[in-house]
Amino acid sequence: MSSCCPAKTNDITDDVKDYYGKKLQTADDLQTTACTTPAQKMPKYVRDVMALIHDEVVSKYYGCGLVVPDCLEDMKILDLGSGSGRDCYALSKLVGKDGFVIGIDMTDEQLEVANRHVDYHMKAFGFDKPNITFVKGFIEKLKDAGIADNSVDIIVSNCVINLCKDKHEVLSEAYRVLKEGGELYFSDVYADRVLSDEIRNHKVLWGECVSGALHWKQLFDLAKDIGFETPRTFEYRDLKITKPDLKEVLGDAKFVSVMYRLFKLPKDADRNASQVIYKGTITDNQDELKFDRKLTFKNGASVTIDGDTAAILKQSRFKEDFMFQKAPGCAKYSEVKEENPFDLLKSGGVTNEGGTCCC
């Protein structure tokens, strides 16, 4: 994982380049847990892919989540801040020989590691030719890197957007390059408040994915302003900064790592509530498909969903994997609302929540 940020924020850009290109040699050099992936149970098919990734690529990886969404075959994916290429290589295996993955990063040292192992991974995956490329660029200037409008099915990002000063530009560019029905699936760090200038200007905390964290509510505001659907919380975890000198700078500020899904839909998308049945047709998800933290579709089970969720399923890459019917008149369902991740941490969250009545 690495980063972003063009000439107008050279101070941040240079600091981040230096941090991820020179100061950090392995994940052991990180001073907080914000940019590390927690121990978690990966699906077997993901574990099998990760076992094929080159050791150097893994050792140079820094990220706060696992950005491997479902239903990837033949997809074109863009990884914002691809760093050493760990996530890109895993995705290149999962999209298959007819899919394609683009990694964009601004850090020469990280790009060198990623590019050094293309042939290794194509051989390990059994592909005749590369289905992956790495380009140098800034994640809020994707046009300069040659990423065209409406050209990408899925965008992933692993603890990188917080490293950029201009989050609005990053999300706007992501929206521009996504196809209609496309998804931004990303992990990042958020704060329970707007951070002070003292925190914002702390170089180590910025490099550690803390100082650049948005107040969680700002993400929902940005998504709405740009045109994305309401962010869907997929997973979340508490982040605790334990080093005394860093804790002193942060004071009472709290942080959380969240995996969100943001979808880009056409303006005229059909938003009628629907009764849907998952067909069990997505590779490695035959029994069930987790859509967000509240909603998991079981193979063959009828579920009544709100109009926004139905619109996403009908317009996205999942459309062939569901049967759709008009929702029964007696149906009641939860509307999509903003979720405060810090409230979720306090309450323990909800693991599954579908429609009620006639479901």
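Figure 1. The view is taken from a predicted model. Helix α7 spans residues 167–177, and because eight of its 11 residues are buried, the helix is largely enclosed by the rest of the structure. The buried residues are Lys167, Val170, Leu171, Glu173, Ala174, Tyr175, Arg176 and Val177. At the start of the helix, the backbone nitrogen of histidine 168 has a side-chain oxygen of aspartate 166 within 3.4 Å.

**Figure 2. Lysine side chains over aromatic rings.** Tyrosine 175, one of the buried residues of α7, has the charged end of lysine 264 over its ring, 4.8 Å from the ring centre. A further view shows phenylalanine 234, with lysine 290 over its face at 4.4 Å from the ring centre.

**Figure 3. An aromatic pair between strands β5 and β8.** The structure contains 13 aromatic pairs. One of them joins tyrosine 190 and tyrosine 260 in an edge-to-face arrangement, with 5.5 Å from centre to centre and 80° between the planes. Tyrosine 190 belongs to strand β5 and tyrosine 260 to strand β8 (residues 255–263), so the pair ties together parts that are 70 residues apart in sequence. Both tyrosine 190 and tyrosine 260 are buried.

Figure 4. The ring centres of phenylalanine 322 and phenylalanine 324 lie 6.4 Å apart, and the pair counts as tilted because the planes stand at 45°. Phenylalanine 322 is buried, at a relative accessible area of 3%, whereas phenylalanine 324 is partly exposed, at 28% relative accessibility. These two residues belong to one aromatic cluster together with Phe263, Tyr278, Phe291 and Phe297.

Figure 5. The structure holds 23 salt bridges. In the one shown here, the closest N and O atoms of arginine 317 and glutamate 183 are 2.8 Å apart. Arginine 317 is found in the loop between α12 (307–315) and β13 (322–326), and glutamate 183 in strand β5; the pair therefore ties together parts that are 134 residues apart in sequence. Arginine 317 and glutamate 183 are both buried.

**Figure 6. A salt bridge between two loops.** Arginine 271 and glutamate 229 form a salt bridge, with 2.7 Å between the closest N and O atoms. The pair links distant parts of the chain, 42 residues apart: arginine 271 lies in the loop between β8 and β9 (274–278), and glutamate 229 in the loop between α10 and β7 (232–239). Arginine 271 is partly exposed, with 34% relative accessibility, while glutamate 229 is buried, with 10%.

**Figure 7. Further salt bridges.** Aspartate 238 forms a salt bridge with lysine 240, in which the closest N and O atoms are 2.9 Å apart. The relative accessible area of aspartate 238 is 35%, so this residue is partly exposed; lysine 240, at 58% relative accessibility, counts as exposed. Elsewhere, Glu56, Glu112 and Arg116 are linked in a network of salt bridges.

Conventions:
Residues are numbered from 1 along each chain as its sequence is written. Side-chain values use heavy atoms; hydrogens and water are left out. Buried means under 20% relative accessible area, exposed over 50%, partly exposed in between (1.4 Å probe, protein chains only). Helices (H or I, at least four residues) and strands (E, at least two) are DSSP runs, numbered from the N terminus. A polar contact is a pair of N or O atoms within 3.5 Å; within protein, one must be able to donate a hydrogen and the other to accept it, and residues adjacent in sequence count only if both atoms are side-chain atoms. Rings of Phe, Tyr and Trp (its six-membered ring) pair if their centres lie within 6.5 Å; planes under 30 degrees apart count as stacked, over 60 as edge-to-face and the rest as tilted. A charge sits over a ring if NZ of Lys or CZ of Arg is within 6 Å of the ring centre and within 35 degrees of the ring normal. A salt bridge is a side-chain nitrogen of Lys or Arg within 4 Å of a carboxyl oxygen of Asp or Glu.
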